[in-house]
Amino acid sequence: MRIKLKSICLGIVTFLLFSAGSSTAVETIRVAYPTMSTSVFYLMIAQKEGYYKEEALNVELLNIRGEIAIKTALAGEVDLFTNAGSALAGAVRGVPLKILTVIQDKPSWELVVQPNIKSVEQLKGTTIGVMSPEGSLAVVTRKMLQKHGIDPAKDVTLIVMGGDDVRFMAMKGKAISATLLSPATNLMAQKDGFNTLASSADYVSFLQGGLATTDDKIKRNPEKIAKFLRASHKGHHYFLSKRDQSVNYMMDILRLKDRELATRIYDIEAKGMLRDGVTDEKVLQGFIEDMRKTTKVTREFKVSDIFDFRFIRKVNDELKAAGWKP
C-alpha cells in the first residue's frame, strides 16, 4: 500500500522557488528530517539565499522521523532524508540505501533531565523519551545508560515521542524524566530550569547529520541529486562562513527573540559541522563496525557499500575551481 505523506508527517515546510509563469522547468524534490537542527538549518538557508532557485528546484522539507523516513524513501514518496544514523542502521541490515554527505561525525545531543535528578544513576526506574525505537537517538541513549550500569531493557522505560519539540514538551509536562536533546533545545531547556547531565559525544562516536537516499534514486535521478547537493552545499558553506547572518536566519527559523541564546546555539552547532561534507574512511569504517555490533549483523561491509561521496566530492571540486564564496 502506498504510504500517504499526510498521515505521517508532523509538519511540512514547502518552498516555492519559481512563479507559476516561469518558463523554466522546475523539479520538485522532497527531503525528510526528524527534528530542527543543523541538518535542516543549512537547507533552509540554501532556499532563502536562492541556491535551489539557481538549480531550478522546488524543495519541500517534511518533518518525518527516522525509520518512517526510510520507508517513505523506499516507497518513492521522498527523495532524500537527513537521518544519517538511521540510514547507516538500515544499510547495515541490507536496506538499499546510500549516505551521500556527512555533516556531523560526532553526536551533539545532551542528556537533559528533570530538575530533581542530579546523576545518570538516578534514572533507574524512570521513563526516557526517544525519537524512534531503533533510530540513532535511541541507540546513543542506550549506550550512555549502559556505561552507567543501567540496563535500558530492564531498568528504564524508553518511550517513542517524536522530535525535540515533542520531547521537550513532554519534559515540561513531566511525562518523561529525561531525553537527549539537540544543543538548541538543550539551551532552551536549561533556561527553563532543567538539568543537563552529560554530552553524548563524551560517550560514543556516532554518525548524526548528513543526507541519504535510496540506491534506486541514485540510479534514476543522478542529475537531480547532484543539483540538490550543489545548492545545499552552498547553504552549508554560508552557514559556516557568515555567523551574524546565519544567527539571524536561526532566530527566524526557531522563532527566537533572544539573540544571545541564538548565538550560543550557532556556536555550538557550527563547531560540530564538517565543512566538506565528508570524513575520514577509518572513522566511517568504525561507525559501520559499531553498527554491526548494535544490530548483530555478521556480514562485513566496506565504506563504499554504504557511503557514496561521488556527488559531494564533485561539488567541492566545482566550487573550489570556480572560487565560489557565499
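A cavity, as the word is used here, is a set of grid points where a 1.4 Å probe fits but cannot get out, and its lining residues have an atom within 4 Å of a point. Keep in mind that this is a predicted model. By this rule, there are three cavities of 30 Å³ or more.

**The largest cavity**
- The largest cavity holds about 220 Å³ of space.
- Its lining is made of 20 residues, and P34, N83, W109, M131 and Q208 are the ones nearest its centre.
- Two or more lining residues come from each of β4 (80-83), α5 (84-92) and α6 (136-146).
- The largest share, three residues, belongs to α6.
- By type, the lining has 15 polar residues, five nonpolar and no charged.

**The second largest cavity**
- About 50 Å³ of space lies in the second largest cavity.
- Among the residues lining it are L88, V139, F206, F287 and D290.
- Here α6 and α13 (281-295) each give two or more residues, and α13 gives the most, with four.
- This lining divides into six nonpolar, two polar and two charged residues.

**Where two helices meet**
- Helix α8 (residues 183-191) and helix α12 (residues 259-271) have axes that come within 9 Å and cross at roughly 140°, which means that α8 is oblique to α12.
- The crossing of α8 with α12 is right-handed.
- From α8, the residues in contact include L187 and M188, while α12 brings I265 and I268 among others.
- Seven nonpolar, one polar and three charged residues make up this contact.

Methods:
Residues numbered from 1 in each chain as written. Predicted model: local features only at pLDDT ≥ 70, side-chain atom pairs only at ≥ 80, totals over all residues. Heavy atoms only, no water. Axes fitted to C-alpha atoms, helices over the stretch in contact; angles between N-to-C directions. Parallel < 35°, antiparallel > 145°, perpendicular 65-115°, else oblique. Left-handed = near helix turned anticlockwise from the far one by under 90°. Contact = heavy atoms within 4.5 Å. Nonpolar A, V, L, I, M, F, W, Y, C, P; charged D, E, K, R; others polar. 1 Å grid on protein atoms, 1.4 Å probe; cavity = no way out; pocket = protein on both sides within 12 Å on 5 of 7 lines; lining within 4 Å. Points joined across faces, edges and corners; volume = space filled by probe spheres on them.
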